[in-house]
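Grab a pencil and work through these exercises with the model open beside you. Each task comes with a solution that goes step by step.

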Amino acid sequence: MIALRVTGLMVTYGPVVAVRDLDLTIEAGEALALLGPNGAGKTSAVEAVAGLLPKRRGKVEFLGEDISALSASAIVRRGLALVPQWRELFRNFTVEETLLAATTAAVGREPIPLDSIYDLFPVLQERRLQVAGSLSGGEQQMLAIGRALVTNPKLLLLDEPSAGLASGIARTLIQTITRIRQSNVAILLVEQNMEIARAIGERCCMLAAGRLAWQGSMQEATERNEAVRVYFGEH
Amino acid sequence: MLAELGPVLIAGIKFGAIYALAALGLVVVHKATKTVNFAHGAFAMLGAFASFLIVVRWQWPYWAAYLLIPPAIGLVAAAIEFLILRRLRRADMFTVVIATVFLGIALAEGFRLTYNTELLAVPSPFAGAPFVVGGVYITRDTLWVITGALLAAVGCVILFRRGKLGRGMRAMASNIRGAQLCGYSIDHIYMLAWFLGGVLAGLAGVFIAPVTGVSVDLSIAVITAGFVAGVIGGFDSPRGAILGGLLLGIAESLSAAYVSSAMKNCISFLLLFVVLMWRPQGLFPERTARSV
Amino acid sequence: MSDRRLDLAATGPALFIILCIAAGLGVDSYSQYVIALAIVAILVGAALVVLVGLARCITLASGSIMALGAYASTLAVLDLGAPYLVSLLLALFAGAAAGWLIALPGTRFRGHNLAMVTLVFQSVCIILIRQSTWLTGGAEGIRVPSATVFGWTIVSDLGFLVLIGVLAAAMTLILTILLRGPFGKCLQAAANNEIAAEAFGVNVRGYLTAAFIVSSIAIAFAGALAAPRIRILDPDSFGILESIFLLAYPIVGGMQSVWGGLLGGGGLRILPELLRPVADYQELFYATLVIVIVMFFPGGLTELLRRGAALIGRSGRGRLSKAIAPGTPWSGTIPAVALPIPAPTPERAEKLLLVEAVDKHFDALHAVDAASLAVPVGAIHGLIGPNGAGKTSLFNIISGFLAADGGRIEFAGEPLLDLRARDRIRLGITRTFQNVAVFGQLSCLDNVIIGRGCNGVVEAMGASFDRFIAGAPTLQARREALAALDSAGLADQAQSLAGALSLGDQRRLELARAIVSSPKLILLDEPVSGVSEAEAEELRQLLLRINAERTIAMLVVEHNIPFVARLCRTLSVMGAGRVVAEGKPAEVIALPTVRQLYFGEEGPA
């Protein structure tokens with residue numbers, strides 16, 4: 001069963017073409033890594049899928065439904081959640097309130113109890129009543145992921161969850177995402193940190209200059225050193 | 001000295017409470033939608049006029065005015081958001097300013113055409129002997145305005161801060177993208193914010209009707225006072241709106257009493273100017289946490 | 001012949017006013033009165049186009065400024081016995097003073113806070129006028145004495161129409177000249193792309209202040225012109241409501257050209273007359289009409305007319321839009337004098353740009369950590385690194401848009417750190433922007449002319465008048481700009497609007513703008529971000545050619561490493577705020593430390 005099918009996606013900002021003619025598919029429960037250098041269009045692609053950015057062209061189907069024309073709030077209500085690159089938290093909301101806010105998206109479906117989020121991130125339970133702005137970078141990232149999980153997603157988009165965080169965070173993130181996958185949530189992971197990408201991704205797509213430069217299994221990518229070719233050119 | 005100062009302060013707090021309601025309505029809408037509704041004063045005027053209709057024309061009990069008018073004006077405001085403001089979401093600031101300003105003018109004109117008199121008088125909700133506190137006379141309706149308006153304002157802030165209703169608006173005010181990712185729809189939240197702003201405007205109108213009477217001037221007076229109070233308090237801070245409103249009312253009353261009635265507006269504006277230059281974020285802004 | 005056509009376009013609005021006078025010759029005196037007031041409104045509309053349209057500053061103070069002009073002129077005649085024409089001069093001064101006063105705090109704010117500042121001015125002004133009974137007659141107002149010009153006392157409506165019309169036409173002409181010339185262009189650049197404008201020597205606050213002063217002068221003048229016909233001045237007719245109605249003129253008419261002021265001012269002023277049949281419902285109609293226009297025609301009436309003209313026919317569109325289009329660029333051709341092409345010089349050892357131990361903290365984040373690099377004369381040097389490495393911060397420090405916390409930077413021997421961004425072009429440093437920052441509403445030619453850097457406020461005003469007289473931008477400016485456009489391969493797009501170009505062409509335009517002042521160093525911020533591979537290759541060739549032909553050094557920040565490797569002769573790599581490697585691209589990219597930076601601890605297999 002296909003969780004996400006993107007066909008011919010094109011995203012523009014005025015004259016800038018950020019994403020050109022992108023096709024990708026994610027099966028239910030699968031983990032896909034989206035890689036590529038900065039400016040390749042990865043963030044634009046996932047934000048367009050999630051409905052935060054307007055699409056110039058292309059079609060996005062989620063669980064068989066065409067969500068191309070839906071607003072971001074409508075999309076998350078259907079079970080497609082995004083943890084954006086800059087987290088986009090509410091500075092003055094407490095941890096608890098942030099999670100409560102996201103319960104809006106689970107209305108009408110099975111709501112995720114906050115306890116299971118605290119179970120996944122015990123440190124968030126400790127800091128339940130602290131405002132998001134006073135949390136450390138790693139804690140904020142956990143909160144952002146927790147907020148997305150509250151919406152009971154079938155597909156979780158993660159945009160560079162390790163960005164700006166200390167190097168030790170890789171281990172924690174890998175563990176967390178692996179646990180999330182146990183509930184059969186499909187994952188689209190955008191990452192520059194190869195360690196995390198390799199640990200999580202079963203397949204991978206590489207973007208360069210807005211286009212799909214390569215796709216295949218993660219094992220293939222590693223063996224053929226695709227990343228170096230895409231990032232650094234033929235060397 | 002206190003005997004002299006007392007009535008001045010009381011009068012200041014009375015108007016201040018009404019300004020607080022007016023400013024709060026503006027701030028709530030701006031906080032959630034990033035637009036200033038310049039028709040806000042006209043909404044208050046409509047509320048005052050509706051109060052005249054209910055109390056004087058139709059002779060219904062006074063509490064009906066307080067209960068029915070705010071939500072009615074709220075619905076009018078929500079309808080205007082849906083019909084007009086939604087189209088202007090991508091427009092630049094000037095266009096929105098002009099649209100809401102002339103909307104206010106259109107509404108005021110509509111009222112003037114329906115009721116061609118200069119000033120409509122509305123009786124106070126409470127008749128009876130004034131209270132005496134510490135040698136100062138406080139009429140019943142003054143006490144009602146002060147307590148009623150302030151209670152409503154504070155209640156609204158509490159609702160905004162704690163309630164589920166307010167959460168969506170605050171989330172959208174804090175981070176539109178984050179709010180959308182929680183499932184909050186921009187359309188719904190904006191309409192809700194305008195509804196709430198309308199309720200507050202209508203309520204301010206019902207309170208102010210017996211105090212000043214109903215006239216077209218009310219629409220400009222309320223928007224000006226509300227805007228000034230809002231900026232003084234801190235334009236995205238609900239509690240700032242209340243405190244700013246009170247401060248403005250007191251400042252006006254003091255200048256009217258000790259300088260001159262004509263200069264009282266001048267002094268309010270100078271106060272505004274000082275605040276803008278010295279603390280542009282307002283005197284009582286929202287405490288924001290610094291991001292790590 | 002093309003030169004003469006441009007002159008005509010600039011005199012268009014003024015001539016229109018003269019036509020209105022002519023139209024008024026055969027009608028009754030009431031109509032003449034209406035036309036006269038409409039002309040005053042046209043002048044106010046034109047002035048507000050400068051402030052609200054070009055400078056994008058909201059103002060609620062127009063009513064009070066008209067009052068100041070009217071009262072100043074009237075009091076000069078009454079109390080000082082000045083002749084009418086001299087009293088008009090006093091009104092001009094009053095307007096200038098008011099504009100300057102509002103701009104002092106005003107240019108610090110945008111949006112609603114600016115509206116508040118102007119509201120304060122408006123209200124305090126009117127209150128003071130009302131209170132100063134000894135001077136102004138207070139709320140009762142004062143009678144305005146008849147205007148006497150060269151011994152001829154004007155009493156008839158026709159006389160007023162002619163007097164007001166001629167003077168308003170003159171002032172409108174001045175406004176149009178300023179608006180269409182370099183002053184208007186730089187003002188638009190300042191208001192729409194503050195950072196890019198500063199990078200090319202445009203003093204944004206200076207221009208905004210000038211916009212306030214110029215528009216206030218014209219509005220005060222309008223007030224003084226209307227005064228003798230209104231006959232009685234009272235402060236309440238210049239109140240906040242009046243300011244709001246005046247604000248509607250440019251917004252309803254169209255904010256980008258003087259014609260918007262004409263249509264908005266004239267149209268809205270005449271509207272009440274046309275609505276007389278519905279008498280009582282006048283204001284309601286008026287307000288509703290304004291709302292409908294702003295809702296459905298965001299560009300105002302001029303946009304409506306332009307679309308209508310486009311529907312009518314191509315010739316109609318050509319003439320009409322040429323007349324209406326904001327600052328139609330000069331349409332003739334001139335052979336571009338190519339600058340002499342030097343042979344590509346070998347890299348010299350002397351360092352053009354020397355960055356030493358520059359430091360920058362953002363709270364707890366050490367964004368730039370003792371970073372050093374050097375760019376020799378004529379070199380192409382790259383700066384790469386993953387996200388968050390500090391490249392952008394360092395780049396912004398070098399270009400003057402971010403203050404450093406420590407270290408020093410030398411450019412051609414001169415210390416750079418304390419220099420304002422807008423002064424760096426004079427030293428010979430220009431830049432491009434990651435989010436391409438061309439001045440979208442201006443033509444390519446105008447974009448590049450601004451790139452020359454001769455953009456002082458007074459200088460630009462003078463140049464505007466030169467341009468009017470010559471019918472085109474000055475010969476030297478044109479030559480240099482066209483040569484630069486030619487170098488960038490955009491010679492045939494000189495007249496096109498920058499905003500309409502493709503991204504690749506906009507990036508070329510940025511380059512043309514960056515080279516026209518013959519700089520010694522260009523700072524390039526992600527020059528190929530968002531372009532296709534083919535365009536990136538073209539841009540690379542262009543950069544190499546520019547570097548060889550004009551001996552311009554370049555510092556390139558980029559994420560596209562293959563591109564950088566084929567463009568730059570040397571590279572610096574940044575990670576976590578520090579410069580971790582430096583040298584030739586092939587060597588640097590192969591270093592394990594650099595690979596680790598991009599791929600994490602384990603690196604690619």
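**Exercise 1.** How many residues of chain A are in contact with chain B, and how many of chain B are in contact with chain A?

*Before you start.* This is a predicted model, where local features need pLDDT of at least 70, side-chain atom pairs count only at pLDDT 80 or more, and totals for chains, interfaces and linings use all residues. Residues are numbered from 1 along each chain as its sequence is written, while chains are lettered from A and ligands numbered from 1 in the order in which they are written.

*Solution.* Step one: count contacts, meaning residue pairs whose C-beta atoms, placed from the backbone, lie within 7 Å. That gives 27 residues of chain A against 18 of chain B. Step two: look at which elements of chain A give two or more residues to this side; they are helices H2 (72–77), H3 (95–102) and H6 (137–150). Helices here are DSSP runs of H or I with at least four residues, strands are E runs of at least two, and both are numbered from the N terminus. H2(A) gives the most, with four residues.

**Exercise 2.** Work out the strand order of the six-stranded open sheet in chain A, and find its edges.

*Solution.* Step one: read off the order, S6-S7-S8-S3-S9-S10, with mixed pairing. Two strands pair if DSSP finds at least two bridges between them. Step two: find the strands with a single partner. These are S6 (80–83) and S10 (211–217) of chain A, so one side of each is left without a neighbour in the sheet. Step three: zoom in on S3 (residues 31–35) and S8 (residues 186–190) of chain A, which run parallel and are joined by four bridges. Within this pair, Ala31(A) has Ile187(A) as its bridge partner.

**Exercise 3.** Describe how H18 and H20 of chain C pack.

*Solution.* Step one: take the geometry. H18 (residues 444–451) and H20 (residues 475–487) of chain C pack at about 110°, with axes 9 Å apart. Axes are lines fitted to C-alpha atoms over the stretch in contact, and angles run from 0 to 180 degrees between N-to-C directions. That makes H18(C) roughly perpendicular to H20(C) (65 to 115 degrees). Step two: name the residues. Cys444(C), Leu445(C), Val448(C) and Ile449(C) of H18(C) meet Ala477(C), Ala481(C), Ala484(C) and Leu485(C) of H20(C).

Conventions: Parallel < 35°, antiparallel > 145°, perpendicular 65-115°, else oblique. Contact = placed C-beta atoms within 7 Å.
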